[in-house]
Number of protein chains: 2
Amino acid sequence: MTRLLSREELESELRAIGERQYHDLHPFHKLLHGGKLKRGQVQAWALNRFYYQVSIPKKDLALMARMDDPALRRIWIQRVLDHDGFGESARREEGKVGGIERWLRLTDGLGLDRDYVTSLKGILPATRYAVDSYVNFVSSRSTLEAVASSLTELFAPAIHRERIAGFEAYYAFANDATLSYFRKRLDEAPRDVEFGLQYVLDNARTAEQQQAVIGALRHKAELLWAQLDALHHAYVSPGLIPPGAFVPEDMEPTVYTR
Amino acid sequence: MTRLLSREELESELRAIGERQYHDLHPFHKLLHGGKLKRGQVQAWALNRFYYQVSIPKKDLALMARMDDPALRRIWIQRVLDHDGFGESARREEGKVGGIERWLRLTDGLGLDRDYVTSLKGILPATRYAVDSYVNFVSSRSTLEAVASSLTELFAPAIHRERIAGFEAYYAFANDATLSYFRKRLDEAPRDVEFGLQYVLDNARTAEQQQAVIGALRHKAELLWAQLDALHHAYVSPGLIPPGAFVPEDMEPTVYTR
């Protein structure tokens, strides 16, 4: 029913998803990058996004566990190392600090307690559902679809640059430590995505496979978007914090009555 | 660390979850039951909630597939039959029409096309994530926790009565067909939950088990809440419909620009 696309057409379809629905379009990001958020709202974002950060290596390992080709695993393992880092032995070598630790430097800089952040208490349930949906997707779909779902990194450098500039311009918490995650990703993401894109274009050989990879990237874009919807609803507009979720010091808990 | 609760204390803890965070407290339900929603907003609710409806028998079957006791399965299978019904052979026997078909009578009455509803296109991604999280929870946790997660039915009759009264008072679409799901559940839910509650109170014998069942019911309450948060954000306030989701005829698609 759907015709086979050329390599260029498929790449163009994938890039169109970014144009249409990547989360740089979301109002929450415009507020975040434009300096319009209070400290507590930025805390809520960083706290919730931490669950995404710690889940990334798990989804990459779920994918690698099903890869048959050691050469492919050798390439993909770099992503896990990028996020997990090299631990205490490498603590003095700044380039070997992992993305999860870098994200915790951001939450530190925002005044959040590390034990609270890593406990994952206080994250929005909707954050958990969206992120878990990503891990489940990667765990259960074909390697091709799983790799395709990582291609939102095609669109990430632009948002990271916008974020670094916005944070530096507008927020007192911006410094080398709190920005370190985003600066590092500017180097890592283009390398990762170059491989991922070629892999997808090489391996999506039937019309069905092409539609599957398009669907996979759309699924990924949707779940990034859903995370911001939940943050926006709880902490910006209308500002209804679900019972039990994190309440920043500069906001009041929402009171629900019968 | 946590002491063993008496049977009465455990029941009271479970009921307290309903008091504190059952979704009858959610602003979306107040609008829905108070006649404050436009037709398109009610359509969005019924369309999204349909995904929950079709997933209920799947979670019950995932649970039954791990039950070792035929006597327990004989009781639990009633829930599957309640939702799935008895098909064409029973179409003239109104009591044997399943909950999924009854829900479709509601979406029919709201003017939604059945093929569109059952295609699940247009539901909010956040609906899918929250509901899938429920099916995954029931599929992966202990039978005890899975049964405990069904106990939101303790609180359901009140909300169904409120909904029937509100629909009859305020909405032109209210009639025997569109209300049939809710009226039927008034009979079914108390029977189901009576069994489920006794099962949980009988089988949560250690402090750890008791905390697990409390956690399971809280998890369920959270995912019901998250579904309404997503609807409220998309279709009420601030009214930001995610790219690709259902746009009612009486609303405009949200335009997102860079």
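This is a predicted model: local features need pLDDT of at least 70, side-chain atom pairs count only at pLDDT 80 or more; totals for chains, interfaces and linings use all residues.
**Overall fold**

Chain A is built from 11 helices and has zero strands. Read from the N terminus, its elements run α-α-α-α-α-α-α-α-α-α-α. Along the principal axes, the C-alpha atoms of chain A fill a box of roughly 55 × 50 × 35 Å.

Burial comes next. Of the 258 residues in chain A, 56% count as buried. Contacts also reach across the sequence. Among contacts in chain A with a separation of 6 or more, 73% join residues 24 or more positions apart.

The accessible surface of chain A is about 11100 Å². Carbon and sulfur atoms hold 51% of that surface. On the charge side, chain A carries 34 positive and 35 negative side chains. The centres of these two sets lie 1 Å apart.

**The contact between the chains**

How many residues does the contact take from chain A and from chain B? The contact takes 30 residues from chain A and 30 residues from chain B. About 2600 Å² is buried between the two chains. Carbon and sulfur atoms give 59% of that buried area. Three residues stand out on the chain A side. Tyr129(A), His233(A) and Arg258(A) supply 28% of the area that chain A buries against chain B, more than any other three residues.

**Backbone features**

Two cis peptide bonds deserve a look. In chain A, the bond from Ser237(A) to Pro238(A) is cis, with omega near 5 degrees. Pro238(A) sits in the segment after helix H11 (207–235) of chain A. In chain B, the bond from Ser237(B) to Pro238(B) is cis, also with omega near 5 degrees. Pro238(B) lies in the segment after helix H11 (207–235) of chain B.

Positive phi values come next. Leu120(A) is not a glycine, yet its phi is positive, near 65 degrees. Leu120(A) is in the loop between helix H6 (114–119) and helix H7 (125–140) of chain A. In chain B, Leu120(B) has a positive phi of about 65 degrees, and it too is not a glycine. Leu120(B) is in the loop between helix H6 (114–119) and helix H7 (125–140) of chain B.

Is Leu120(A) buried or exposed? Leu120(A) has a relative accessible area of 17%. Buried means under 20%, so Leu120(A) counts as buried. Leu120(B), at 19%, is buried too.

**Selected buried residues**

| Residue | Relative accessible area |
|---|---|
| His29(A) | 1% |
| Arg79(A) | 6% |
| Leu5(B) | 13% |
| Leu120(A) | 17% |
| Leu120(B) | 19% |

His29(A) belongs to helix H2 (residues 27–33) of chain A. Which residues does His29(A) touch, not counting those up to four places away in sequence? They are His23(A), Asp24(A), Gly34(A), Trp45(A), Ile159(A), Arg163(A) and Leu228(A).

Arg79(A) is in helix H4 (residues 70–84) of chain A. Leaving out residues up to four places away in sequence, Arg79(A) touches Asp60(A), Ser150(A), Glu153(A), Asp192(A) and Val193(A).

Leu5(B) lies in the segment before helix H1 (7–21) of chain B. Beyond residues up to four places away in sequence, Leu5(B) touches Leu10(B), Glu13(B), Gln210(B) and Ile214(B). The C-alpha atoms of Leu5(B) and Thr143(B) are separated by 20 Å. These two residues are 138 residues apart along the chain.

**Helix H5 of chain B**

Helix H5 of chain B covers residues 99–109. Its buried residues are Gly99(B), Ile100(B), Arg102(B), Trp103(B), Leu104(B), Leu106(B) and Thr107(B). An α-helix has 3.6 residues a turn, so residues three or four places apart point the same way.

What do the buried residues of H5(B) pack against? Their partners in chain B are helix H3 (39–64), helix H4 (70–84), H6 and helix H10 (176–203). After H5(B) comes Gly111(B), with a positive phi near 85 degrees.

Key:
Residues are numbered from 1 along each chain as its sequence is written. Chains are lettered from A and ligands numbered from 1 in the order in which they are written. Side-chain values use heavy atoms; hydrogens and water are left out. Helices (H or I, at least four residues) and strands (E, at least two) are DSSP runs, numbered from the N terminus. Buried means under 20% relative accessible area, exposed over 50%, partly exposed in between (1.4 Å probe, protein chains only). Contact means heavy atoms within 4.5 Å. Accessible areas come from the Shrake-Rupley method with a 1.4 Å probe; for residues, only the protein chains shown count as cover. Lys and Arg count as positive and Asp and Glu as negative; His and the chain ends are not counted. The place of a charge is taken as NZ of Lys, CZ of Arg, CG of Asp or CD of Glu. Buried area is the accessible area (1.4 Å probe) that two parts lose on being put together, summed over both.
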